[in-house]
Amino acid sequence: MQFGIFTVGDVTTDPTNGTTPTEHERIKAMVRIALKAEEVGLDVFATGEHHNPPFVPSSPTTMLGYIAARTERLILSTSTTLITTNDPVKIAEDFAMLQHLADGRVDVMMGRGNTGPVYPWFGQDIRQGIPLAIENYALLHELWRKDVVDWKGRFRTPLQGFTSTPRPLDGVPPFVWHGSIRSPEIAEQAAYYGDGFFANNIFWPKEHYMRLIGLYRERYAHYGHGTPEQAIVGLGGQVFMRKNSQDAVREFRPYFDNAPVYGHGPSLEDFTEQTPLTVGSPQQVIDKTLTFRDYFGDYQRQLFLMDHAGLPLKTVLEQLDILGEEVVPVLRKEFAKDRPADAPDAPTHESLLAKQVGEVPVEAR
Amino acid sequence: MNPLKLVVVTAGLTQPSSTRLLSDRLAEAVARQLADEGREVDVHVIELRELAVDIANNFVTGFPSPSLNAELEAVTAADALIAVTPIFTASYSGLFKSFFDVVDNTALTGKPVLIAATGGTPRHSLALEHALRPMFTYLRAVVAPTAVYAAAEDWGAADADGLSGRIARAAGELTELMAGRPATSHATEEVVPFEQQLAALRARQ
């Protein structure tokens, strides 16, 4: 099982002292956080993609390429890459390039994005969000698998005799996750291709995500990729920890109360009761995270949102120390217990390469 | 036959409230007419005042609290709805509108709805026609032709053509709409198979 962090890349004023980082400071902080993730033994760093303030990460592969050069083991991913408004040709090229630079430590999570004006800014229409996600991904999938592509679709200039370069490293396309907050169509898409499905699992009660993941698992089996239990599931999560849970609550409350996404609404207590957010001791985080398996089944990837709502870099790095030293080692051990032998690990470049080699007859290699 | 499910959404703010009083009289009238036809009915009243904070929180977080969710499910599962609001500033109250803003926009499709309102003066009675009726029409509900408005003075009027006559007529209309409507079915989430989604795109090229 993989553990990591994902970031939205928001520039938010720290509500406790009124300071706001510059874009430069925030970008450098995101890189520092990614490097820290590797230092403390996490497996994955994923960055969001946004094209409007107050968010900074508009160019994920630039950032991930830089992080790749400064890390050894960390898998670089996204949360999410906008399959609706990006040209699938550019996604194919950017992520193949990143794969080569990072020696395969790359996967990618597709998402639709949810900011209305971003669509027209990129010449698209938000009402076509699902058809765009379906058609663009179908093209991307083909570009990574066929050397020469002829293509005609509804949304993009046709292609004749096009080869996306560089070709994926070792001929193995990056593994793809499909992220969704609400759409069964995306669970269906992930199942059809045998790709991973990532439930953000942050904003809403678990019952909502249980329905989506249940649907994905069932359809994954329907399309013949394996049993429902073998589908590749990733989950988000959101935590804030201190040694004593009262200290965690006291310190996090002003950030919660003013958070751009849910602040000025329910109390911290109600929100932690109703959603997967955990604010408390490392043991409480361990206990809550372990319940995810009961609700969603054995899964492959757990990402935590750690740097948001104006939390200072120093605090985020402390949180990552606690996560890496006290929480994740226990979670690895506990999740491994009673895990069925046929519950797969999250695909990596190595595992996909081994699978591909295994599938090709020896004389054809 | 299972009892019919009649849900009353009432947005009065005071205790006691004339909006609640009107709601209860409408519900009684509908229940009586259904009883005359030999139909049993379960009446469930939703007092929006008690959900005010939960409704506001739903706007902020994007999801309903457990208690609000239970009421949203009751509305969705209802065979018919009675919706009653005080008239504030020439329209439905903000709380009334906010509740229907967090109801799923397909929950009322085809559902019989009786609309009613209260106000201090009869001069605001057309708010029912100008504000409530279009809102429920947008939600594809089937709204009874008679909308019931009760001004302060109506509570002291004795003639049968007055408030009690309007209540009886509206209740009759709602009962008829309920009779013409099949029992509430719970549609399960349908997934369009992926090949179909792809094929739909190809067909339009």
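Reader: Which residues line the largest cavity?
Author: In this predicted model, the largest cavity is lined by A:Ile83, A:Met110, A:Gly111, A:Arg112, A:Ala133, A:His178, A:Gly179, A:Ile186 and A:Gln189. On a 1 Å grid over the protein atoms alone, a cavity is a set of points where a 1.4 Å probe fits but cannot get out, and lining residues have an atom within 4 Å of a point.

Reader: Which elements give two or more residues to that lining?
Author: Strand 5 (107-111), strand 8 and helix 6 (184-193) of chain A do. Helices (H or I, at least four residues) and strands (E, at least two) are DSSP runs, numbered from the N terminus.

Reader: What volume does the largest cavity have?
Author: Its volume is about 30 Å³, a volume being the space filled by probe spheres set on the grid points, which are joined across faces, edges and corners.

Reader: On to pockets: what is the volume of the second largest pocket?
Author: The second largest pocket has about 670 Å³. A pocket is an open set of points with protein on both sides within 12 Å along at least five of seven lines.

Reader: Which residues are closest to its centre?
Author: Of the 24 lining residues, they are A:Phe175, A:Gly194, A:Pro347, A:Leu352 and A:Lys355.

Reader: And which helix gives the most to this lining?
Author: Helix 12 of chain A, with 5 residues.

Reader: Changing topic, how many aromatic pairs are there over all chains?
Author: There are 23. Rings of Phe, Tyr and Trp (its six-membered ring) pair if their centres lie within 6.5 Å; planes under 30 degrees apart count as stacked, over 60 as edge-to-face and the rest as tilted.

Reader: Why is the pair of A:Phe240 and A:Phe252 stacked?
Author: Because their planes are at 20 degrees, with the ring centres 5.0 Å apart. The pair joins distant parts of the chain, with A:Phe240 in strand 11 (residues 239-241) and A:Phe252 in helix 8 (residues 245-257) of chain A, 12 residues apart.

Reader: Are those two buried or exposed?
Author: Both A:Phe240 and A:Phe252 are buried, that is, under 20% relative accessible area, where exposed is over 50% and partly exposed lies in between (1.4 Å probe, protein chains only).

Reader: Which residues do ring pairs link into a cluster?
Author: A:Tyr137, A:Tyr192, A:Tyr193, A:Tyr223 and B:Phe194.

Reader: How are residues and chains labelled, and what is counted?
Author: Residues are numbered from 1 along each chain as its sequence is written, while chains are lettered from A and ligands numbered from 1 in the order in which they are written. Local features need pLDDT of at least 70, side-chain atom pairs count only at pLDDT 80 or more, totals for chains, interfaces and linings use all residues, and side-chain values use heavy atoms, leaving out hydrogens and water.
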